[in-house]
Amino acid sequence: MITLYHAPQSRSSRIVWLLEELGGPYEIRPVSIFRPMTGAGAPDPVNPHPDKQVPAIEHDGVLVAESVAIVLYLTDAFPEAGLGPIVGDPLRGAYLTWLAWYSAGMEPAMFASMGGELAGAPMKQRAYDAAVKRLEGALAKSLWLLGETFSGADLLVGSAINFARKAFPPSDLLDAYVARCKARPAALRALGLDEAQGVQRAA
Ligand SMILES: N[C@@H](CCC(=O)N[C@@H](CS)C(=O)NCC(=O)O)C(=O)O
């Protein structure tokens, strides 16, 4: 059994999407988190995440935290879902590269843009430009990051662009990509589950 420690409209929402993509049984354990944008919420004592953040999952007694680790763990654990190339697949290297790049390259560039930190910061601007170039380059070639098949890398990258669309330049390629992600039946189901749960009130 998989238990997801989840707070609606947060980084754990995309793990609901992933679990819907996988199609197996899972349970959602709602937890409260501190929400810095509003000052609402508080860390939840029942949350096993080392920093009381979300997402975290437990699978057969194994705790996994961090979005990238969870995506890799679950797509490896359920290879029949076809959401991540397994070891030995020629696309495995590209898959790992996108996953690592998501947290080491894309997220920092995205938050730097959101925070207005690019002006006068040539290193950050360079990293941001490289991130946009890599994304647009990949999406100009194929529907998904790994080619014609959706993967866990798209789930991370697509959900982040959707969350922070204004952090990226106007781009038909990015808009069409986000629309493809959001139109997936599993993504629509996950959105419905999130909306049904609502955003927590301050603890
Ligand atoms: N790098 C982590 C970031 C997790 C994270 O920042 N989660 C936020 C919600 S989007 C959270 O739990 N914040 C509560 C807190 O920091 O106390 C991941 O991707 O899993």
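Two notes before going on. You are looking at a predicted model, in which local features need pLDDT of at least 70 and side-chain atom pairs count only at pLDDT 80 or more, while totals for chains, interfaces and linings use all residues. Residues are numbered from 1 along each chain as its sequence is written.

**Stop 1**

Domain 1 brings 10 residues to the contact and domain 2 brings 11, where two residues are in contact if their C-beta atoms, placed from the backbone, lie within 7 Å. On the side of domain 1 that touches domain 2, select α1 (13-22) and α2 (67-77), the elements that give two or more residues. Of these, α2 gives the most, with five residues. Colour that side by class and you will find seven nonpolar, two polar and one charged residues. For the classes, Ala, Val, Leu, Ile, Met, Phe, Trp, Tyr, Cys and Pro count as nonpolar, Asp, Glu, Lys and Arg as charged, and the others, Gly among them, as polar.

**Stop 2: the nonpolar core**

Now select V71, L99, A153, L156 and V157. These are the residues with the most contacts inside the largest nonpolar core, which has 43 residues. Helix α3 (residues 92-114) contributes the most to this core, with seven residues. Both domain 1 and domain 2 give residues to the core, so it lies between them. A nonpolar core here is a set of buried Ala, Val, Leu, Ile, Met, Phe, Trp, Tyr and Cys residues joined through C-beta atoms within 7 Å. A residue is buried if 20 or more other C-beta atoms lie within 10 Å of its own, exposed if 12 or fewer, and partly exposed in between, with C-beta atoms placed from the backbone.

Which residues does L156 touch, not counting those up to four places away in sequence? Select R14, S67, V68, V71, L99 and Y102 to see them.

**Stop 3: the whole chain**

Zoom out and switch to a cartoon. The chain has seven helices and four strands, and read along the sequence they follow the pattern β-α-β-β-β-α-α-α-α-α-α. Helices (H or I, at least four residues) and strands (E, at least two) are DSSP runs, numbered from the N terminus. The C-alpha trace spans about 40 × 40 × 30 Å along its principal axes. For 203 residues, a compact globule would have a radius of gyration near 17 Å, and the chain agrees, with 17 Å; this radius is taken over C-alpha atoms, and the globule rule is 2.2 Å times the number of residues to the power 0.38. Buried residues make up 33% of the 203. Of the contacts with a separation of 6 or more, 58% come from residues 24 or more positions apart.

**Stop 4: around the ligand**

Show the ligand and select S10, R11, I33, F34, P43, K52, Q53, V54, P55, E66 and S67, which surround it.

V54 and P55 are joined by a cis peptide bond, with omega about 5°, and P55 is found in the loop between β2 and β3. E66 has a positive phi, near 85°; E66 sits in the loop between β4 and α2 and is partly exposed, with 17 other C-beta atoms within 10 Å. For context, most residues other than glycine have a negative phi, and most peptide bonds are trans.

**Stop 5**

Select D60, in the loop between β3 and β4 (62-65). Its phi is also positive, near 50°, and D60 counts as exposed, with 7 C-beta neighbours inside 10 Å.

Next, go to M37, in the loop between β2 (26-30) and β3 (56-59). Is M37 buried or exposed? M37 is exposed, with 5 other C-beta atoms within 10 Å. Draw a distance from M37 to T3, 34 residues away along the chain: their C-alpha atoms are separated by 27 Å.

Finish at D76 in helix α2. D76 is partly exposed, with 14 C-beta neighbours inside 10 Å, and touches G84 and I86, not counting residues up to four places away in sequence.

Notes:
Domain bounds come from an automatic or database domain assignment. A residue is near a molecule or strand if its C-beta atom, placed from the backbone, lies within 6 Å of it.
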